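Colleague: I have not worked with this one before. Please take me through it, one point at a time.

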Amino acid sequence: PLERGLIILAIRPDGTVRIMQEMIRAKLGDRFLSPPPFSLETCYNDSKPEVPLLFVLTMGADPMSELMNLAVSKDMKDGVRTVSLGQGQGPKATAAINEGFGTGAWIVLQNCHLATSYMPT
């Protein structure tokens, strides 16, 4: 299978992903080709208060309903603050983060791609 994959890579680079998937399926099984289902509860349980959870989302994805369900289950529904960044919202975000440090509130910063000056690389 490896030799076949190398030949495909040399002749038809566009077929490389398919042949690699076939090799993985043959040697390891289908479970290595499918990502595990996402669980916000699992992420929460693995997290620490001093380390933020960051989610890079694809277009159209909106985890807010799942986040609010988790907040309800953790008795934090009233402790969730959201700030949509952009258009001078940096000071509001800073104030919310400081509030979160003091009160334990969950701070959700949305549209971070609009605030590159607020969160430089």
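Colleague: Is Asp75 buried or exposed?
Modeller: Asp75 is exposed, its relative accessible area being 70%. Buried means under 20% relative accessible area, exposed means over 50%, and partly exposed lies in between, computed with a 1.4 Å probe and protein chains only. Please note that this is a predicted model: local features need pLDDT of at least 70, side-chain atom pairs count only at pLDDT 80 or more, and totals for chains, interfaces and linings use all residues. Residues are numbered from 1 along each chain as its sequence is written, and side-chain values use heavy atoms, with hydrogens and water left out.

Colleague: Where is the place of Asp75?
Modeller: Asp75 belongs to the loop between helix 4 and strand 1 (80-84). Helices (H or I, at least four residues) and strands (E, at least two) are DSSP runs, numbered from the N terminus.

Colleague: And what is the phi of Asp75?
Modeller: For Asp75, phi is near 55°, which is a positive value in a residue other than glycine. As background, most residues other than glycine have a negative phi. Asn111 also has a positive phi, near 55°. Asn111 sits in the segment after strand 2 and is partly exposed at 36%.

Colleague: Let us change topic: how many salt bridges does the structure hold?
Modeller: There are six salt bridges in the structure. The term denotes a side-chain nitrogen of Lys or Arg within 4 Å of a carboxyl oxygen of Asp or Glu. In general, side chains of opposite charge can pair when their charged atoms come close.

Colleague: Which residue forms a salt bridge with Glu22?
Modeller: Glu22 pairs with Arg4, and their closest N and O atoms are 3.4 Å apart. This pair links distant parts of the chain, as Glu22 is in helix 2 (residues 16-27) and Arg4 in helix 1 (residues 2-11), 18 residues apart. Glu22 is partly exposed at 28% relative accessibility, and Arg4 is partly exposed at 48%. Arg4, Arg18 and Glu22 are linked in a network of salt bridges.

Colleague: What about Arg12, which residue is its salt bridge partner?
Modeller: Arg12 forms a salt bridge with Asp14, with 2.7 Å between the closest N and O atoms. Arg12 is partly exposed at 47%, whereas Asp14 is exposed at 57%. In another of these pairs, the side chains of Asp30 and Arg25 meet at 2.5 Å, N to O. Asp30 is partly exposed at 46%, and Arg25 is partly exposed at 42%.

Colleague: Now the rings: how many aromatic pairs does a search of the whole structure find?
Modeller: The search finds two aromatic pairs. Rings of Phe, Tyr and Trp (its six-membered ring) pair if their centres lie within 6.5 Å; planes under 30 degrees apart count as stacked, over 60 as edge-to-face and the rest as tilted. Phe38 and Phe55 form an edge-to-face pair, with 5.7 Å centre to centre and 90° between the planes. That pair links distant parts of the chain: Phe38 is in the loop between helix 2 and helix 3 (40-46), and Phe55 is in the loop between helix 3 and helix 4 (64-73), 17 residues apart. Tyr44 and Trp106 form a tilted pair, with 5.6 Å between centres and 45° between planes. Here too distant parts of the chain are linked, Tyr44 being in helix 3 and Trp106 in strand 2 (residues 106-110), 62 residues apart.

Colleague: Is Trp106 buried or exposed?
Modeller: Trp106 is buried, at 16%, whereas Tyr44 is partly exposed, at 30%.

Colleague: One last item: where does Thr16 lie, and is it buried or exposed?
Modeller: Thr16 lies in helix 2 and is buried, at 17% relative accessibility. Leaving aside neighbours within four places in sequence, Thr16 is in contact (heavy atoms within 4.5 Å) with Ile8 and Leu9.
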